[in-house]
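The exercises below are meant to be worked through with the sequence and the structure side by side. Please try each task before reading its solution.

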Amino acid sequence: MNVTESIRADAARLLTEGRAKMVIGYGLRNGRSVPVFLTEPQGADSLHYGPQCTLNLAAYLARPEVRRNAPLAIVAPPATLRSLVVLAAESQVPDGSVLALAVGPQEYHGVVDVAAAAEIVRKHYASPEVDPDLAARARELAAMTPAQRSAFWREQFAKCTRCYACRAACPGCYCRRCVAETNMPQWVSTAARGHGNYAWHILRAFHQAGRCVLCGACEAACPQGIPLMLLNLSTAQEVQEQFGAKPGLDPAAKPVMGSFRPEDKDDFIR
Amino acid sequence: MEQTKANKNTTRDATGETFEPRIVAFVCNWCTYAGADLAGTSRMQYAPNVRIIKLPCTGRIDPLFILKAFEGGADAVLVSGCHPGDCHYTSGNYHARRRWAVFHKLLDFTGIDPGRLHFSWVSAAEGRKFADLINDITERVRGLGPFASDNPARRQA
Amino acid sequence: MKVLEANKIGELAAALSAAGWRVLLPIEDGKVVRLAPWSPGAAVRTDVVPVNSIKDALFPPSEVIGRFGLDGGDFTVQEAPVDTAKTAALCVRPCDAASVSLLDTIFNWDFPDAFYNARRSAVTIVSLVCASADEQCFCTSVGGRPDGTAGADAVLRPAEAGAKLILEPLTDKGRALADAAGALLSEATVTADEPAEVPQKFDRPAVTKWLAANFNSPLWQKWSLACLGCGACAFTCPTCHCFDIQDETTRSQCVRYRNWDTCALALFTQHAGGHNPRIDQAARRRQRLMHKLSYIPERFGLVGCSGCGRCQRVCPAGLGIVEICQAIEDIQKVPAR
Amino acid sequence: MIENIYQPTVMRIAASRDEAPDVRTLRLEFAHDQTRRDFFAAYRVGQFGIYGVPGAGESVFCVASPPTRQEYIECTFRRVGRVTSALADREVGQTITFRGPYGTHFPIDSWRGRNLLFIAGGIALPPLRSVIWNILDRRSEFGRVAIVYGARTVADLVYKHELADWASRGDVQLVTTVDPGGQTPDWTGRIGFVPTVLKEAAPSSDNCVALVCGPPVMIKFSLPVLTELGFTPDNIYTTLENRMKCGVGKCGRCNVGSLYVCKDGPVFTVRQVMAMPQADL
C-alpha cells in the first residue's frame, strides 16, 4: 500500500470506529492540493498525499468550526507533527482531542496520538529539513552591512498589503485578538506601508521565536512573495544556538520565550 | 574610534544641523532608575541625550516599546535593569534577557545597526556605571550618525 | 495600423517616462510578477497574470485621505492632496481593464471620491490581449473575453506570433499615448494572433439566481470550513474595494489613512461593544461571494468579478470563486425529485 | 481645491452632560455659521453624523437633536472604544470633527395627523429622542404621542430630565420601565421588560405609526406584540446601527445584502428589515 492508500484506509477506519469525528487531510482539485474535511468514511477516497501538500493543516485546529468536530485526526507530515507537539505544549490541544496520521517524505507511520507523534519526530525528524538555498540566502544576508540589510527588507516589506495570509496559515498564530489589531493603544500601524509593515513582520517573527517549526506555510501563503522564512530561520537558529531549543520535540516542553535558565548567555549585556 | 573622537560634536545630519543623538532608555524602577537617580543626586555629569522611561521591571519591557521608539525617531535605545539574581520580582530580568537575546538579533538581521540597541545591568548603587554608559552610548551613536530616515523601522513622513 | 515591435516595450516605457509619464508594467519581482513602476532594466513579463491589478494604481493599499495639525488638545483641519501624476499602465490584462468600471461606479455612485477620481483621470490604461491563460482564468464565465477592450484607453494586440503588437487607441487618452510613442510605432498591416482560449466554467446568471435564493443554505458552512480567514483573495482582487479608516499621529500631526480591508477578516463588522453580525467564517465567505455575484449585480447591474482568477491562485487553501460556482451548478443539475 | 468627502468640519463642544454610567451627551455648535446653515438645510430627523477626534478616529451616531432647534446639534454615545473614549474625554470649549448629515430620515411630514408610538430600550432612545422633540416642537400637526421606554436599571435610563418633562407635559403618554431588579426604592415607573410592558399598556394601532429602537432582543420580542396590537410591518419604523467607516457608500462595512445602511438607511420600515438577510444584521 502506498502512503495515499494507507491514509485513506486509516481515515475511513477512524471515522467508522468513531475514534475521530472529522479527518482533516489533503485532497486534489484541478491538480492543486487542497484541504479536505471528512466526516464520513465513504469520502476517504478523496484523500491524497504527495509533495505538493505544503499547507500545515494544524492551522485549522484553532478554528471553532473545526473544533466542534473533536475528536479530530489530521494528516501530518513532519512539520505538522511538530506543530501538533508545540500546540500540545501550549495547552491548545486538549488531551486526546487530536490524532495524527503521521507521514514522512516517503513513509507512513500510522495513526498516533500527540505523545507518539513527538516520539516519531524525535526519532526521525529531530531537525527540520532546511532548504539549502534558504540557508544560503540567510547567510548571505547575515554577511551584509546593516545598511544593506535595511535596504533589502525595506524593499521586501514594502510589498506587504497586510492581508495577514501569513498569520492565517500559521498554526502558531492562534491568538483570539492579534496585537496587530488592538487599538487601545495602537501598537502596530495598520497602514500597509513603512513602519507598520516593519513592525508587523518583526512582531510576527518574534512571536514565533521558539515556537516556529519552519513548516514554511506563512511564506507559501504570502501572495506578494515576501521571504518570511528568512526571518523564521534566522530566529530559529538563534533560539537553538542560544537555548538549545528545538520546538516540536516535547509536548511537555516549557515555552522557550516564557522560561529561562540562570546561566543563559548575557554577553550582549553590559 | 579615533575617527569617532575626531567627529565629536561635529557630526551633522542631512540638513546640515549639528547632530545630537536621541536615546530612549527603558529602565526598571528598582535598579537602573535608582542608579540613574544616584548619578543625578551625586552630580555626575552625563550626556543630556537620554530620555528615561521607567517601568516596573525589565520583564515589562515589551519589544514593541523598542520598535515604537525607533519608529518615533530614536537614534538608539537602551534597555536596562537589575543584575541577574537581583530582580525585585525574582525573575523578571531573566525572562527579559531571553527575549532580548533573540530580539536584538532579529533587529540586527532586519537592518538595525547593533550599535543602536544596547542592554545593560545597572544596580541602584551603580550611578557611575549609568553615567559612563550613557556617555559611551551617546558617543558611539554620534559616530554612527542619525538613524536613517529610510530605515523601514522609522516612521516615514 | 500602428505596430510596435514586441521587444520594444521597454523602449516605449522609456519614451513615455522621458515624456513625463509614470509607467506601470508587469515586472518580475522575486517569486511574483507585479504591475509596478517601470525602471530601466526591469524584466517585463506578460505571460502570467500579475499578482496585483490596475486597482493598486487607482486605489492603493494605503492612502492619506485627511490631515490634521495637532497642538495639545487643539487641532486644525488641513488639506489632503490628491495624486495627479500622469500614469501609463501598459500591458494591463483585459480582465483588469474591464474591472475598473466597477471601481468607477463604487467611487462615484453617490458621493464622488476625489482621491480615486484624480488617479483615475490621470491614468491611461493600455490593455494587452491575452496570448495565454492559465487554468485559473475564467473571464469568459463572468462576461469578459481574453481580447475584450472594456475599460481600456488603448489595446495592444499581439501579431506575428507575438513578435509584433498592434496598438489600437480607443479613447482620446489612448490616442495621446500613441502620439507620445512617436517613432516607436510604425505603420504596417499585420494580422492579429488568435487570443488565448478561456473555457467557460460556469453559468454566471444561474449562479446569481441561486445565490439570491440561498443565503441560508447550510452549504455555506461546508464551503467555508477550509477558509483560513485571511485577506489574500480580497487584497489581490481587482474589484474588492472595502476599506478601513485609521488615524496615525505624531505630536504635531494626525494623518488619516484609508487602508484596504475585507469582509473575510473577523474584525470587519465587529462593533466596539463586541457584537459581530458575521459571526463565523461561513458568514464572511458567503458575504464575499454574495457581494460579487448577487448584491453588485442587483444593485449596480454589474458583475463584481472579472474572472482574473487571482483569488484562486493566491488562496493558501486553494479556494476560489470557480469552485463554489461549479458546486452551485452541480446542485442545480441534480434533477428535482 | 478638491471636494474631499472625507474631510470633516469643526464643532465646538458647548455643553456636556452625563446621562447614565459611561453615557454622555455632547451639545455641539458649528464653528462657522455657513456650515450650520448648510447642515440644517439638509438635515432631516433620523439621519446620522460621523463624529471624530483627530488621532483617535471617527465614530457614527445618530443626530440626537431635532431640526427644529437650529443653534446646535447633540449626540449621545456610550464610552466603549477608542473613539468614544476620546470624545468623552473632550471638554466643554474644545472642538471635535463632524461629517453629515448622512442617510435616510423618518418620513414625519407624511405622518401629519397621525398618532405616534415610540418604543425604546436603553442607549437606543437617542435616535428616537430627535423624532420625539421634532414632533413635540410641531405638536399641533400630530395626534396622540405615546412613549414606552425601558432600561436595565434606573441609572441606565438616558435623558432623565427630559423624561420628567415629557411625563409632566400632559400631551405625551410616557411609560418608563426597568428590568426586574433594576429598580431603586423610590422608582415609580414600571418594572418589567419592554415587550411585556408594551403589551400591558396596549396602545391602539388605530391611525398610528410605531417607531422601535433598542437591542435586538427587545425588538425581536416587541414585534409580535405590535403585530398583535394591529400594527403592520409598513407602519413600524426602526433605525439600524451597523458598523460604518466612510458613511458615504464606499467602504462596504455596513452592507447588508445589496443595501448600504449608510445610504439606504439607517431608517427602515420593519417590512424592509424583514427582507434583509437576517443573519447579517
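Predicted model: local features only at pLDDT ≥ 70, side-chain atom pairs only at ≥ 80, totals over all residues.

**Exercise 1.** Describe how strands β2 and β3 of chain C pair, and examine their hairpin.

*Solution.* First follow the two strands, β2 (residues 22–29) and β3 (residues 32–37) of chain C, which pair in the antiparallel sense over six bridges. Then look at Asp29(C), which has Val32(C) of β3(C) opposite it. Two residues lie between the strands of this hairpin, where Gly30(C) takes a positive phi near 60°.

**Exercise 2.** Explain why helix α3 of chain B can be called largely enclosed by the rest of the structure.

*Solution.* Start with the chain as a whole: chain B has five helices and four strands, arranged from the N terminus as α-β-α-β-α-β-α-β-α, and 53% of its 157 residues are buried. Now turn to α3(B), residues 63–71, where seven of the nine residues are buried, so the helix is largely enclosed by the rest of the structure. The buried residues are Pro63(B), Ile66(B), Leu67(B), Lys68(B), Ala69(B), Phe70(B) and Glu71(B). Their cover includes β1 (23–28), β3 (76–81), α4 (92–109) and β4 (117–121) of chain B, together with α8 (194–207) of chain A. Just after the helix, Gly73(B) has a positive phi of about 110°.

**Exercise 3.** Work out which elements of domain 1 of chain A touch domain 2 of chain A.

*Solution.* Chain A is divided into domain 1 (3–124) and domain 2 (132–249), and contact between them involves 18 residues of domain 1 and 15 residues of domain 2. On the side of domain 1 that touches domain 2, the elements giving two or more residues are α3 (78–89) and α4 (114–124) of chain A, with the largest share, seven residues, coming from α3(A). By residue type, this side of domain 1 divides into eleven nonpolar, five polar and two charged residues.

Technical notes:
Residues numbered from 1 in each chain as written. Chains lettered and ligands numbered in written order. Buried ≥ 20, exposed ≤ 12 C-beta atoms within 10 Å, placed from the backbone. Contact = placed C-beta atoms within 7 Å. Pairing = 2+ DSSP bridges. Domains from an automatic or database assignment. Nonpolar A, V, L, I, M, F, W, Y, C, P; charged D, E, K, R; others polar.
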